[in-house]
Every structure is written in C-alpha cells, then in structure tokens.
Amino acid sequence: MIDEIHSPFILAATSDNFRELVLANSEKGPVLVNFWSRKAGPCLRQYPILDQLVHHYAGRLLLVNVDTETEFVFTKEYAVTSVPMLKLFRNGQVVETLRGFQSEAELRKVLDLHVVRDSDQTLAIAVRNYAEGNASEAYAKLAQSIVDDPVNPRLPLAMCKLLRHEQRYDDALNLIASLPDAIRQYGEIQQLQESLMFYQEADPALTIPALQAQLESAPADLAIRKQLVAHYAMQQQYEQALQQLVEMMETDLAYENNYPQQAMLRIFRLLGSGHPLVSQYRSQLTRYTH
C-alpha cells in the first residue's frame, strides 16, 4: 500500500515537512511527488509502477507521496485538480507535470531526462577539461557522449553553454536544431535557445549606456530599441527589455515581421508562465495584438 513505506527512497510528505523532503532534496537531485487518494483506483494501480521505478533508479530518484485527502494545502498550491497527478521537482521548481495514470514506459521517457546517468560523469570531466584550457578535448568528450547517450539532455546543454561562452551563437543554435524533439523540448535547452537568439541579435560593440544615450536623441529609432532589448535580455534585465518592446509596439507593431510580439513571447518563455512579469505584460501584448 502507498502508506506502507519500506524504502529509504520513498517518503510521505505533510505540510510540516514538504519543504525539507521535496524542495530541499530537489536541490540535490530529482524528486517525484505523487499526489494520490486511496479513493481513486488509478492511484492504487499507479503506485506499484512508481515503487518499481524508484528501485530501478537505485537512489537517483526520490519518490514523495502526498495524500490529498489529508494534505489539502497542496491541492491548491500546486493546482492538483485530479489524481493521480505526478510532479517532478528539481532545484525547488516543478519541471514536469503528469496527469492521470502513467505506464512504466511513459514514466521512464520523462524521468530519464532528469535522473543522473553514467554519461554525466563524462560531462563533469569534459567541463573540467575546458576549465583547464583543454577546449578541444572537452568538445570531443561531449560530442562522443552525445552519440553514446543521446537521451541525456545535459550533454548538449553543456556543449551549447560552452559555445555561448565563446560567442559561437550560431553553432549553439544549430546544435539545438539538430537534437531529437524530446531532447530539444527539455526545459533548460528551450530556455537556452530563447536566450541565444538575443545573444545572436545583440551587437557586441554596443553597450546599454551607449544605446540609452542614442535613444535619447532618436527615440523613434526602433533599431536602437531592438538592440536595447537584446542587451537587456542578455543581462537578464527582463523588465527593462519588456518596457522597450511595449514602446516598439506602440510605434510600429509589425516592425521586422512582428519582432516586438515575437521577442516578448520569447521572454515569457524564459521567465515561465508563473512569473509576475508575464502576467503583467501579457495584457500589454493582448492589447496590441487583438
């Protein structure tokens, strides 16, 4: 039974220990939270599969059960509208949500993207090689690892970050475009892709203070505003970037094939749907596009 736990990798959370068991542990590795009810048959059928998977991953995945009949606070906080519902936490955030009964194959497909794999050891060695100045060796190790373990998204993610560090933005974007759909949809890779497009658009010879000075004398120059958007986004000054995009939409909504709207949507995806800036500026986007 779900409430009869006999494994160090399966825990039961309450409102008193949720932060420790789920949020704190997710800083060390993936934590799968199983929102369940003893009144729901699919929950009872789901649990043996979860139990088997936890033992398969042998300590690389923590399963935390939350009884929605007694822990009501979580149903609202995490939008648990039906059970079974599974939420995967990493670094204190929900990175995957699975609704309804899941087969073992479906679960493995999702979990394999997040659970530490043997190839992660090679990744760590490659990053160390790069830090020590052996860039060619680092790239060679990562490239071979991507071939050997194509389902580990952290390998191409690391390579793309190294390429970004070297300002090889086109190469990084081309690598992302070549990845299988399942890997390309990995959250961090999607976010990196969005940010790389701003890096690609920014003129490295310009600075934010210089662009601000140019804008004072030419406030209608949308090319200057576009550069400001890119530089603000690179510095993660997203509110300032969004403000510039609103100004651009007020001046010319269709500028460069609707760039203001497309760039705003990119920033929304970078921030995530729950970020307050997204809800604040989505109304602005709707105002100008409808």
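1. By class, 7 nonpolar, 3 polar and 3 charged residues make up the lining of the second largest pocket. Here Ala, Val, Leu, Ile, Met, Phe, Trp, Tyr, Cys and Pro count as nonpolar, Asp, Glu, Lys and Arg as charged, and the others, Gly among them, as polar. A pocket is an open set of points on a 1 Å grid over the protein atoms alone, where a 1.4 Å probe fits, with protein on both sides within 12 Å along at least five of seven lines; lining residues have an atom within 4 Å of a point.

2. The model is predicted: local features need pLDDT of at least 70 and side-chain atom pairs pLDDT 80 or more, while totals for chains, interfaces and linings use all residues. Residues are numbered from 1 along each chain as its sequence is written, and side-chain values use heavy atoms, with hydrogens and water left out.

3. The volume of the second largest pocket is about 280 Å³, a volume being the space filled by probe spheres set on grid points joined across faces, edges and corners. Closest to its centre, of 13 lining residues, are Gln191, Ser195, Gln236, Tyr238 and Leu270. H7, H10 and helix H12 (222–234) each supply at least two residues of this lining, and H10 gives the largest share, 5 residues. Helices (H or I, at least four residues) and strands (E, at least two) are DSSP runs, numbered from the N terminus.

4. The largest pocket holds about 1,100 Å³ of space. It is lined by 40 residues, and Val94, Val95, Gly187, Glu188 and Gln191 are the closest to its centre. Elements that each supply at least two lining residues include strand E5 (93–99), helix H7 (154–165) and helix H10 (187–201). The largest share of this lining, 6 residues, again comes from H10. The lining divides into 17 nonpolar, 13 polar and 10 charged residues.

5. Gln102 sits in the loop between E5 and helix H4 (104–111). Not counting residues up to four places away in sequence, Gln102 touches Gln46, Ile49, Leu86 and Leu107, where contact means heavy atoms within 4.5 Å.

6. Leu50, in helix H2 (residues 41–57), is buried at a relative accessible area of 2%. Leaving aside neighbours within four places in sequence, Leu50 is in contact with Leu32, Asn34, Leu63, Leu86 and Leu107. Leu86 and Leu107 are also among the residues that Gln102 touches. From Leu50 to Ile183 the separation is 133 residues in sequence and 23 Å in space, C-alpha to C-alpha.

Technical notes: Buried means under 20% relative accessible area, exposed over 50%, partly exposed in between (1.4 Å probe, protein chains only).
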